[in-house]
2 protein chains.
Amino acid sequence: MAKEEVKLFGTWSSPFSLRVTWALKLKGVEYEFIEEDLSNKSSLLLQYNSVHKKIPVLVHNGKPISESSVILEYIDETWKGHNIFPVDDPHERASARFWAKFVDDKLLPSLWNVFVTQGKEQEEASLVALENLRNIEKELEGKKYFGGEMIGFVDIILGCIANMADILDEITGLKTVEKDKLPLLSAWIENFSSAPIIKDSWPSGDRLVTKYRLYRTMFAPPKSS
Amino acid sequence: MAKEEVKLFGTWSSPFSLRVTWALKLKGVEYEFIEEDLSNKSSLLLQYNSVHKKIPVLVHNGKPISESSVILEYIDETWKGHNIFPVDDPHERASARFWAKFVDDKLLPSLWNVFVTQGKEQEEASLVALENLRNIEKELEGKKYFGGEMIGFVDIILGCIANMADILDEITGLKTVEKDKLPLLSAWIENFSSAPIIKDSWPSGDRLVTKYRLYRTMFAPPKSS
């Protein structure tokens, strides 16, 4: 069989690329990472994801797949090894898809809202974010990971907050995941962050702080007094 | 084996319930439909979908599943018969998931924007919607359905527009899917609407017009001159 070709178009700082990186590493798939400059996207990226023109795009033997959640499903169906989805139980798979969708549609946008607001607006955004975090925390009862004993779909989808929460907190001076309010999620962050493949893939914290400090200034500039 | 219990919590007019109805009928699964009053939701619905408190919810042998796209995946994995997803090709499955996500995240919201705006704003919204419709139309090249010869995931997800386009057009006086601009999509609407299981499941057009005329008055009231 000819050697297969796997390419990932992403950026060093994108939490969505990182999901795909983790999934490929968990499966032990060799791949080439192609760093995109989002201010000057490559013609290949524009061709491979002509609809959204966004990273990440996985290209497997010349065929592109876009949208990180869709890519993760593809990776799990295509390569054996670490199971990203539970194998035997359609209801557990449905539950993982439900929570992953919740993360993308509700939770992450609500955390972003905290980051790009100030004052009263930020207080309200924080309450919404906390409610969302509490909702998903219940899924960790009695489990090390959302996937049980193994890192699964929801862990990978939510994974970015395991370091991004600290990055954003450093910039806003808030605390996203307080141990006393969200004990299971705090423990999960510890577990997830210290898993070997995850630990070794984090982008540089310093570079992230610099990048997100700029976002904060753009979206929620300090008010002059 | 004990008889299995399948319940669908939905409303007669919801395009999202209708997706689940179609999938169950395509599979030949017997089920009980429970009509919800969204202004006074049942305690069972609030318990089964405590996160979003929304229909549709499928309850299979006591276990609830929410989010129509997640429910469709569950149905396809749980019951044999008509294949909603292509069986053999992970890349085709990824493609179906990508386009379904495009419908939910981009296309349907853009059509709704046309419906709830007026004047200049509506003209701009129409251009965005047309661009989205053109994007997905390309997927129909050489095919009867998005699923090929059979109704598949994208057909079910997009299916509501096969009658809703006419309903909304009647109210706004616009034309969502023009034959000369979107010939493949026009042909698909004909094919999809006349497929037996689909044809027999449409809600009453008159009742839909009454309902959506009310929405239009709420969201885009006629301007007094």
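## A walk along the A/B interface and into the cavities

Start where the chains meet: between chain A and chain B there are eight residue pairs in polar contact, counting pairs with both residues at pLDDT 80 or more. Keep in mind that you're looking at a predicted model.

Now select the side of chain A that touches chain B. Strand E4 (63–66), helix H3 (68–78) and helix H4 (90–115) of chain A each put at least two residues into it, and H4(A) gives the most, with 10 residues. Colour that side by class and you'll get 10 nonpolar, seven polar and nine charged residues.

Next, show both sides together. The contact draws 26 residues from chain A and 26 residues from chain B. About 2400 Å² is buried between the two chains, 65% of it on carbon and sulfur atoms. Six salt bridges cross this interface. For one of them, pick A:Arg97 and B:Glu73, whose side chains meet at 3.4 Å, N to O.

Among the 18 lining residues of the largest cavity, A:Ser69, A:Arg97, A:Lys101, B:Ser69 and B:Lys101 lie nearest its centre. H3 and H4 of chain A, with helix H3 (68–78) and helix H4 (90–115) of chain B, each give two or more residues to this lining. The volume of the largest cavity is about 370 Å³, and its lining has six nonpolar, two polar and 10 charged residues.

How many cavities of 30 Å³ or more does the whole structure hold? The search finds three.

For the last stop, select B:Ser13, B:Pro15, B:Leu18, B:Cys160, B:Asn163, B:Met164, B:Pro203 and B:Leu208, which line the second largest cavity. About 40 Å³ of space lies there, and the lining has six nonpolar, two polar and no charged residues.

Conventions
Residues are numbered from 1 along each chain as its sequence is written. Chains are lettered from A and ligands numbered from 1 in the order in which they are written. This is a predicted model: local features need pLDDT of at least 70, side-chain atom pairs count only at pLDDT 80 or more; totals for chains, interfaces and linings use all residues. Side-chain values use heavy atoms; hydrogens and water are left out. Contact means heavy atoms within 4.5 Å. Buried area is the accessible area (1.4 Å probe) that two parts lose on being put together, summed over both. A salt bridge is a side-chain nitrogen of Lys or Arg within 4 Å of a carboxyl oxygen of Asp or Glu. A polar contact is a pair of N or O atoms within 3.5 Å; within protein, one must be able to donate a hydrogen and the other to accept it, and residues adjacent in sequence count only if both atoms are side-chain atoms. Helices (H or I, at least four residues) and strands (E, at least two) are DSSP runs, numbered from the N terminus. Ala, Val, Leu, Ile, Met, Phe, Trp, Tyr, Cys and Pro count as nonpolar, Asp, Glu, Lys and Arg as charged, and the others, Gly among them, as polar. On a 1 Å grid over the protein atoms alone, a cavity is a set of points where a 1.4 Å probe fits but cannot get out, and a pocket is an open set with protein on both sides within 12 Å along at least five of seven lines; lining residues have an atom within 4 Å of a point. Grid points are joined across faces, edges and corners, and a volume is the space filled by probe spheres set on the points.
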